[in-house]
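Me: Hey, can you walk me through this one? I'm still learning how to read these.

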Amino acid sequence: MATLYTQKSRNIQLTWVYLIGFLVFVIGVGWIFSQSLNNPIILYIAVGFAFIMNFVSYWWSDKIVLGMSRAKEVSRENAKPIYNLVENLCITAGLPVPKIYVIPDLAPNAFATGRDPEHAAIALTSGIIEKLDKAELEGVVAHELSHIGNRDILLGTAVTVLVGFVSLLADWFMRASIFGGSNDDDNGRAGIFFTVLALILSVLAPIAATLMQLAISRKREFLADASGALLTRYPEGLARALEKISVDPNQLQKVNNATAHMYIANPLKEKRGRIFAKFFMTHPPIEERISRLRELKV
């Protein structure tokens, strides 16, 4: 029988397997593109641009996302029940109290952002505050605090940059192949081989990188579910919250594909029933998350 501790350990191990595989994949794609074009300068430029993207996302991604979501910061004075709930869970988790934001939206949802526990924020929609009881809301907040404590946000940012890096390399290669040609005459058969391989990767690599990003995101959701349930010692609270969120008819207004993966449940209402649909989901199926929570023992 699974326990919270074995579930958390298993998810951490699987996440690192995915991440290491992703890094190897990125390095391999970059090397093949540079071999095909016989011009490492393109790779150097891509790495430099990716570094700038990483720097910007590390320092300002939280402010950008909160602004996009129309989130408004609240304090103990104007939102005492919510502030006390978050503060009590932070004391239990040994985390500093993050900034707390409320999104004026009837759709029940929530997300966490920030580069580390000392610079973190939790955003809750007004809908989730109104529609969940205290135990359910504690489960949601504990889930988001687990993302902060497990450093999921920083990991997600790094993976997002890697996906952008692969897509950038693929786009540059296609443009260079069309407008600049390749050095097949200089490289002979090896040059032709790398050119054909790079052309194939320029189409498939961004898709594969995105699939790996989504797989890592799904694993982090399972881990946050288990960690959050361990924090409250009441997995049923989060399970009931996920049930209510999944059947709520309201659609979150200010959201897009770039931020959908951050929420506790996908606000874009992912389609189900297709054979390969699960591979393109930003979150694991709600039913599977609820089932795992109810199997855990505390």
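This is a predicted model: local features need pLDDT of at least 70, side-chain atom pairs count only at pLDDT 80 or more; totals for chains, interfaces and linings use all residues.

What follows is a chat about a strand, a pair of helices and some salt bridges.

Me: Which residues are on each side of β3?
Reply: A110, A112 and G114 are on one side, with F111 and T113 on the other, and all of them are buried.

Me: And which strand does β3 join up with?
Reply: β4, residues 120-125, which runs antiparallel to β3 and is joined to it by 5 bridges. Two strands pair if DSSP finds at least two bridges between them. A112, for instance, has I122 of β4 as its bridge partner. The two strands form a hairpin, with 5 residues between them.

Me: Switching to helices. How do α5 and α8 cross?
Reply: Their axes come within 7 Å and cross at roughly 95°, with α5 covering residues 134-149 and α8 residues 235-247. That makes α5 roughly perpendicular to α8. The axes are lines fitted to C-alpha atoms over the stretch in contact, and angles run from 0 to 180 degrees between N-to-C directions. Under 35 degrees counts as roughly parallel, over 145 as roughly antiparallel, 65 to 115 as roughly perpendicular, and the rest as oblique.

Me: Which residues make that contact?
Reply: From α5, A135, E136, G139, V140 and H143; from α8, G237, L238, R240, A241 and K244. Contact means heavy atoms within 4.5 Å.

Me: I see E136 and K244 there. What do they form?
Reply: A salt bridge, with the closest N and O atoms 2.9 Å apart. That term means a side-chain nitrogen of Lys or Arg within 4 Å of a carboxyl oxygen of Asp or Glu. The pair links distant parts of the chain, as K244 in α8 and E136 in α5 are 108 residues apart. E136 is buried at 2% relative accessible area, while K244 is partly exposed at 35%. They also belong to a network of salt bridges with D133 and R240.

Me: How many salt bridges does the structure hold?
Reply: 10. One of them joins E87 and R76, with the closest N and O atoms 2.9 Å apart. E87 lies in helix α3 and R76 in the loop between β1 and α3, so the pair ties together parts 11 residues apart in sequence.

Me: What does D248 form a salt bridge with?
Reply: K131, with the closest N and O atoms 2.8 Å apart. D248 is in the loop between α8 and α9, K131 is in helix α4, and they are 117 residues apart. D248 is buried at 11% relative accessible area, whereas K131 is partly exposed at 31%.

Me: Last one: is R289 buried or exposed?
Reply: Buried, with a relative accessible area of 0%. R289 is found in helix α9, and residues it touches include H143, E221 and D225.

Definitions and conventions. Residues are numbered from 1 along each chain as its sequence is written. Side-chain values use heavy atoms; hydrogens and water are left out. Buried means under 20% relative accessible area, exposed over 50%, partly exposed in between (1.4 Å probe, protein chains only). Helices (H or I, at least four residues) and strands (E, at least two) are DSSP runs, numbered from the N terminus. Lists of a residue's contacts leave out its neighbours within four places in sequence.
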